[in-house]
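Thanks for asking me to look this over. Below are my notes, in numbered points, for you to follow with the model open beside them.

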Amino acid sequence: MAQWFAAKERAGSALVFFRMGDFYELFFEDAEAASEALGLALTQRGEHQGVPIPMCGVPHHACEAYLARLIRRGFRVAICEQTETPEHAKARKASTIRREVVRVVTPGTATEEALLDAARPAWLLALAEGGAAWLDVSTGAFHTAAGEDPAALIARLRPAEILAADGRDDATPAIIPKDPARRVADAFGVATLDGFGQFSPPEIAACAMALDYVRAMGNGQLPRLSPPLAEGGRGRMLLDAATRRSLEILESPQDGPTLLAALDRTLTGPGARELAARLAAPLDDLAAIRARHDHVALLLTERDRCDAIRAALKGAPDMARALARLSLDRFAPRDLGALRDGLARAAALAEAARGSILPAPAPLPDLAAELARALAEELPARLEDGGVVGAGYDGQLDALRRLRDDARGAIAAMQMDLAQAWGVAALKIRHHQQLGFLAEVPSAAGEKLLRAAPNGLTDEMRPIHRQSMANAHRFTCAALAALDRRLSEAGEEAQRREKAVVQHLRRLVLEEGEAVAEAARAMAELDVLAAAAELAREGQWCRPEMTERPDFTIIAGRHPVVEKALREARGPAFVPNGCDLSPGRRLCLLTGPNMAGKSTFLRQNALFAVMAQAGLFLPAEAARLGLVDRLFSRVGAADDLAGGRSTFMVEMSETAAILNLAGPRSLVVLDEVGRGTATWDGLAIATAVLEALHDRIRCRTLFATHFHELTVLAHRLPELRLARMEVREWRGEVVFRHSVGEGAAEKSWGIHVAKLAGVPTPVLRRSAEVLAALEARAAAGEDPLATELPLFAPPPRPPSAHPALEALRALDPDSLSPREAQEALYHLRGLADGTEGQ
């Protein structure tokens, strides 16, 4: 327990997995927290200060599954291992085996496959004032940025863990070390960082913070990391956190469909991560975007080449993560197998891409051949299980294995020799856990051997009594003990030799580490390109024409997420719509009822900008897009209860960001600005925002509204164009056509939508009465809101009945003679014409 207290002091708030033989055990409050989180039975082991110590445990061989559950629940776990064998402890006359914390597992420093999402990077993000750095321990990727909005960066990266020196609530507290530039340079074994690029002091501070944290969690060990890459000079479309949330690019509330899920046709985990990275950070560099489109177009045209690439990628292992585990010496034999198989796939991909403009992995034939020759075909889960190195690779290992594996034959020969020497035909050699190999004989024969050994025995064959049982006695002898020792030593020596060979293979791989990592990156890129071509082929998507001009013309575009959902649900076909925000018509004012498809149309066009600049084709007949430097999307309403902000306050904050940050090359998508306040206030705000977007910012804009009064702005804003969601009314019912037409909507059909939602009929009838009264006042030139609102007025009295109707109700048809009926009919006719009194 003294060892545990020392480990707990080192681990701090992390749970301590304390190695006890074949189990990791947890004590005190760690045990209580883990038993609740993992559903483990809470028991006791010993006492501390007279009080029983709470304890629970997990098997060592299955710990990764338990670790994964704890990490997902937000825990950090310190691994306290036995750092010596019982024999070593006895040799130094110690009462306990030495144990030490070898690492702390956190969401941002995990490398085990069970703790990672194959399709998502495990970014560790470090935030310093004015700078950021993020690295992925599982792949070695390392990036920095200066001046990024932390909220936008977090939304883009979706980091597994955040470090910050400013006490953020969602971050692990961290300290910027002294002389951060020196700390970073030392980590990469260089004298200066100038060879890696230009970094601002805040970027370097963030890098040092991240590296120190990884080193501390790894007990002083750093993984293989690529040199930091500064993103300041890279052209990227900027999307803030609200825009990403609105467009549901990588994540969706309530786990709804996302753009990534709709587009993902990749075949490997690295490919899925690369696709997510491209959608999260679309390019703002025309040449780079066109190069990606060229690659997709080539694979779309050359079907055989695309099929060959996808065939080579199917089932390909994750070399980047296997390489990271090797660099930390936390690898399993199957990580070496992943590199062997991955390099073979890389060679096949290089052959498939030969003679084209496609990025191809550089083959590493020498390393691939060495791994193929060294490793067994089927690899065990753990190095301790043996059988990692194939036969014929190492002569010394083969000899030790033959000696170890011939134990059965050697024991059979020894059994025959002892049976003849001792004169006991029923003698059997058996293995005992503590005593090793023993010769077991029946009780009667054992009694004879106990009284006197057979004559003529050598000292090596003389029986030595070890154990008596009810029906048998067990003996050993010098020869049997020597065989036992030789077999045991051969097995241990074979295991040591195999570990040495495996470490040799590890060193060979790490010497080619950068080349292996580059091959892994190329494979991921090919996976994304081939998947994009497959997607375009399936849906008959078009290549967007990209320009520097502020164009935005889509012909017959389709929302990729909604179209996929309709197809999977076997619903109606998606209705395509065009959009033109080119110069001269930069601002589109969209009107129409709810449920008609306004939000789908708005998001669809925003997503087209993301997809095109990520290097993908578009679900449309044709598209011509000018580069978008910043994308802003405000579709859907949400409040911020934790921050104490109402829906309207959130909307105004996001609108303010647009008005302050958008520029002529931006694309702005706004839905119902001003809806959260009084009617005239909302209309005034919406009018002013429209005028600012048109006159001052002059960006491409889609602006949806229910304020039909805004349509009059088309007469004085020359680049404003009106559009409406097409709706038809048939037999009192509304039919949404989900198509966009020219001009303004006639009305909002809000009451019809309320009917579709199941609002009770009396409420609908009263709503129609109020609406009719308001429209009548407006038509008469009155201010419909100047006097008492009809919403609070008593329902109008029904008009007096017509005299003809009153007379008709007074008639009793069954009592009338034919003549009386004729006279009554004439009388009713006169009342209806007003030619006679009642």
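1. Helix 13 makes a left-handed crossing as it passes helix 20, where left-handed means that the near helix is turned anticlockwise from the far one by less than a right angle, and right-handed means clockwise. Helix 13 covers residues 319-327 and helix 20 covers residues 513-539; their axes come within 9 Å and cross at roughly 155 degrees. Helix 13 is therefore roughly antiparallel to helix 20. The axes are lines fitted to C-alpha atoms, for helices over the stretch in contact, and the angles run from 0 to 180 degrees between N-to-C directions.

2. A word on the source: this is a predicted model, in which local features need pLDDT of at least 70 and side-chain atom pairs count only at pLDDT 80 or more, while totals for chains, interfaces and linings use all residues. Residues are numbered from 1 along each chain as its sequence is written, and side-chain values use heavy atoms, with hydrogens and water left out. Helices (H or I, at least four residues) and strands (E, at least two) are DSSP runs, numbered from the N terminus.

3. Which residues of helix 13 meet helix 20? They are Met-319, Ala-320 and Leu-323, and their partners in helix 20 are Gly-513, Val-516, Ala-517, Ala-519, Ala-520 and Met-523. Contact here means heavy atoms within 4.5 Å.

4. Another helix pair to look at is helix 12 (residues 303-313) with helix 14 (residues 333-353), which pack at an angle of about 175 degrees with their axes 9 Å apart. That angle makes helix 12 roughly antiparallel to helix 14. On the helix 12 side, Arg-305, Ala-308, Ile-309, Ala-311, Ala-312 and Leu-313 meet Arg-345, Ala-348, Leu-349, Ala-352 and Ala-353 of helix 14.

5. Now the rings. Rings of Phe, Tyr and Trp (its six-membered ring) pair if their centres lie within 6.5 Å; planes under 30 degrees apart count as stacked, over 60 as edge-to-face and the rest as tilted. By this rule the count is nine aromatic pairs. One of them joins Phe-188 and Phe-196, edge-to-face, with 5.6 Å from centre to centre and 75 degrees between the planes. Phe-188 is buried, at 18% relative accessibility, whereas Phe-196 is partly exposed, at 25%. Buried means under 20% relative accessible area, exposed over 50% and partly exposed in between (1.4 Å probe, protein chains only).

6. Trp-422 and Phe-475 also form an edge-to-face pair, 6.1 Å centre to centre with 75 degrees between the planes. This pair links distant parts of the chain, 53 residues apart: Trp-422 belongs to helix 17 (residues 407-422) and Phe-475 to strand 17 (residues 472-476). Trp-422 is buried, with 4% relative accessibility, and Phe-475 is buried as well, with 2%.

7. Ring pairs also gather Trp-4, Phe-5, Phe-18, Phe-27 and Phe-28 into a cluster. Please look at Arg-19 too, which lies over the face of Tyr-24, 5.6 Å from the ring centre. The rule for a charge over a ring is NZ of Lys or CZ of Arg within 6 Å of the ring centre and within 35 degrees of the ring normal.

8. Two backbone angles deserve a glance. Most residues other than glycine have a negative phi. Arg-158, however, has a positive phi near 50 degrees; this residue lies in the loop between helix 5 (150-157) and strand 10 (161-164). Gln-540 also has a positive phi, near 55 degrees, and lies in the loop between helix 20 and strand 18 (545-547). Are these residues buried or exposed? Arg-158 is buried, at 12% relative accessibility, but Gln-540 is exposed, at 69%.

9. Finally, a pair of single residues. Ile-697, in helix 24 (residues 679-697), is buried, with a relative accessible area of 4%. Beyond its neighbours within four places in sequence, Ile-697 touches Ile-658, Leu-659, Ala-662, Gly-663, Pro-664 and Ala-692.

Key:
Angles under 35 degrees count as roughly parallel, over 145 as roughly antiparallel, 65 to 115 as roughly perpendicular and the rest as oblique.
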